[in-house]
Amino acid sequence: MVRLSMLAAALCVLLVGAASAAAQDSTPQHFKPPGGSHRCRTGTKERPVHRLTLDNGRTFCLQLPRLLKNPEKAVAGTASFARTYNDTCGMFAITLHKSIPAGAGPVPHLHLADTEFFMPTTPGDTVRMFAQADDTPLKTYPAGQMPAFNVPPVAKVGHLDVPYGRIAYSPPGIPHSWKAATNMTNFMALWLNGFVMIPSVNVPAMGSDYLQVLYETSAWGSPTDITSAMFNGPQFVTDALSRRAGLPPTPFDELVRLQKAIDAGDKCCGDLCA
């Protein structure tokens, strides 16, 4: 009887172990490195994997989606719309920038609903993020509030350099901007869900009237200030170098949310993607 009990207990342990292993095997391989290592599994030519180091030292293996064969180009600058709201079933969007000269980048703006991620994809490239300095609690602006228009501008702006192998994160409602800290070869902005991506990039490039651009981009949910008054004027680019931006560290869970959107939305592209 004792021997039977021991055999039953051993069988139970084996079954639990097998179930645990199966659960681990069912975890998408690109969420985290296998076996606690810091190496990512290899992706494919169409869907490469990028190993990202987070502020807390954790590693995230982000597998990118396929890109459009013939993406629409932005009306100005170096951007193309590599994936859009329409070909991802409304789950994400990607702006791809190529050959960006140092100092180039958008004017200050914010997104009322979209979460945005910023990632250099070529070794040696660095993007410089600008946002409220970290010496005060980070302020989120709801719909109806626009810094320097109907509420005070962001008092102090700081910067955050994001090199290849890292990823920056801006939640909804956070005024931000970015510039190429170096001559960048490739840089991606990834949006959840990306409905506002194309107008938020194209409208400021086409307009010269501050209020017209502000009203139109606000209607799309991405208020944009072509005068940079939101950040106390164009000199924010140099003023911010003495302070650190207060952007929150990129949460692991938010990258999981991004990866799930990429994996689900990639299937919506069909033959439009390479």
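This is a predicted model: local features need pLDDT of at least 70, side-chain atom pairs count only at pLDDT 80 or more; totals for chains, interfaces and linings use all residues.
Leaving aside residues up to four places away in sequence, Met-119 touches His-50, Leu-52, Leu-62, Leu-64, Arg-166, Ile-167, Phe-187, Met-188 and Leu-190.

Met-119 is one of the residues with the most contacts inside the largest nonpolar core, which has 22 residues. H5 supplies the largest share, 6 residues.

Now move to the second core. This one is separate and has 15 residues, among them Ile-100, Val-127, Met-129 and Trp-178.

Go on to Thr-126, in strand S7 (residues 126-132). Is Thr-126 buried or exposed? Its relative accessibility is 15%, and buried means under 20%, so Thr-126 counts as buried. Show its surroundings: not counting residues up to four places away in sequence, Thr-126 touches Pro-120, Asp-161, Val-162, Pro-163, Ala-180, Ala-181, Thr-182 and Met-184.

Finish on the surface. Select Tyr-85, Phe-195 and Trp-220, which form a nonpolar patch there. Together the three residues have about 290 Å² of accessible area. Tyr-85 is in the loop between strand S4 (79-83) and strand S5 (93-100). With a relative accessibility of 31%, Tyr-85 counts as partly exposed.

Key. Residues are numbered from 1 along each chain as its sequence is written. Side-chain values use heavy atoms; hydrogens and water are left out. Helices (H or I, at least four residues) and strands (E, at least two) are DSSP runs, numbered from the N terminus. Buried means under 20% relative accessible area, exposed over 50%, partly exposed in between (1.4 Å probe, protein chains only). Contact means heavy atoms within 4.5 Å. Patches are made of residues with over 30% relative accessible area and no salt bridge: like charges are joined within 9 Å, nonpolar side chains (Val, Leu, Ile, Met, Phe, Trp, Tyr) within 5 Å. Accessible areas come from the Shrake-Rupley method with a 1.4 Å probe; for residues, only the protein chains shown count as cover. A salt bridge is a side-chain nitrogen of Lys or Arg within 4 Å of a carboxyl oxygen of Asp or Glu. A nonpolar core is a set of buried Ala, Val, Leu, Ile, Met, Phe, Trp, Tyr and Cys residues joined through side-chain atoms within 4.5 Å.
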